[in-house]
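Please open the structure in your viewer and keep the sequence panel beside it. The stops below say what to select next and what is there.

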Amino acid sequence: CKSLLMKNSKCINDDCNDRLNSKYYLVVFQYNQRLKQQKLQKYIKKLSNKSNKYYKFSLASLDETKQLTQFEYNCVSPIGINNIPIIISHHIINGNYKYIWIGSGSLNIKLKIDTQELIQKFPHFVADITS
């Protein structure tokens, strides 16, 4: 799976303390899927119930990713990212996958994790965010 840190540059908050209206979200989706920013924006808009002028999502910069997650680009993991809200693609949750592979913090190593354990141990949202 891919784990990308997304930034809402128009968010009224400067941090991740409000899960429903956070400046950053970590999105997790399958490698064979493409993230659709419009779907992500639509989902977050439903959570926080604010107008369109408060949303503009883009990939967080390399520096922001490193500062917020302590991981390098292409090594980001949903494990150990403090209070950054996680959004998991519904394809992962509904796909009957016993295990998924996620980033480990190292470019050469991936973690195999039980999908149900990930769901149970890490607060997350589930959304249709890919094509």
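**A guided tour**

Start by selecting Asn 49, which counts as exposed at 69% relative accessibility; exposed means over 50% relative accessible area, buried under 20%, and partly exposed in between, with a 1.4 Å probe and protein chains only. This is a predicted model, in which local features need pLDDT of at least 70, side-chain atom pairs count only at pLDDT 80 or more, and totals for chains, interfaces and linings use all residues. Residues are numbered from 1 along each chain as its sequence is written, and side-chain values use heavy atoms, with hydrogens and water left out.

Stay on Asn 49 and find the loop between H1 and strand S3 (57-59), where this residue sits. Helices (H or I, at least four residues) and strands (E, at least two) are DSSP runs, numbered from the N terminus. The phi of Asn 49 is near 60°, a positive value in a residue other than glycine. Most residues other than glycine have a negative phi.

Next, select Gln 70, in the loop between helix H2 (62-69) and S4. Its phi is near 70°, again a positive value in a residue other than glycine. Gln 70 is exposed, with a relative accessible area of 56%.

**The whole chain**

Now zoom out and colour by secondary structure. The protein chain has four helices and seven strands, in the order β-β-α-β-α-β-α-β-β-α-β along the sequence. Its radius of gyration is 14 Å, close to the 14 Å that the globule rule gives for 131 residues, so the chain is as compact as a globular protein of that length. That radius is taken over C-alpha atoms, and the rule is 2.2 Å times the number of residues to the power 0.38. Along its principal axes the C-alpha trace spans about 40 × 30 × 25 Å.

The accessible surface of the protein chain is about 7500 Å², and 48% of it belongs to carbon and sulfur atoms; the areas come from the Shrake-Rupley method with a 1.4 Å probe, and for residues only the protein chains shown count as cover. Buried residues make up 41% of the 131 residues.

Colour the charges next. There are 19 positive and 9 negative side chains, and the centres of the two sets lie 9 Å apart. Lys and Arg count as positive and Asp and Glu as negative, while His and the chain ends are not counted. Each charge is placed at NZ of Lys, CZ of Arg, CG of Asp or CD of Glu.

Hide the surface and select Leu 26, Val 28 and Ile 100. These residues have the most contacts inside the largest nonpolar core, which has 18 residues. A nonpolar core is a set of buried Ala, Val, Leu, Ile, Met, Phe, Trp, Tyr and Cys residues joined through side-chain atoms within 4.5 Å. Strand S2 (24-29), strand S4 (86-89) and strand S5 (99-106) each give two or more residues to this core, and S2 gives the most, with three. A second, separate core of 13 residues includes Tyr 25, Val 27, Phe 29 and Ile 129.

Which residues does Leu 26 touch? Contact means heavy atoms within 4.5 Å. Not counting residues up to four places away in sequence, the partners of Leu 26 include Leu 4, Val 76, Ile 81 and Ile 86.

Move to Ile 129, in the segment after strand S7 (125-127). Is Ile 129 buried or exposed? Ile 129 is buried, with a relative accessible area of 0%. Among the residues it touches, leaving out those up to four places away in sequence, are Val 27, Leu 35, Leu 40 and Ile 87.

Select Arg 19, in the loop between strand S1 (2-8) and S2. This residue is partly exposed, with a relative accessible area of 33%.

Go on to Gln 30, in the loop between S2 and H1. Gln 30 counts as buried, at 14% relative accessibility. Leaving aside neighbours within four places in sequence, Gln 30 is in contact with Cys 1, His 91, Ile 92 and Tyr 97.

Finish at Gln 41 in helix H1 (residues 37-48). Gln 41 counts as partly exposed, at 22% relative accessibility. Beyond residues up to four places away in sequence, Gln 41 touches Asn 52, Tyr 55, Lys 56 and Phe 57.
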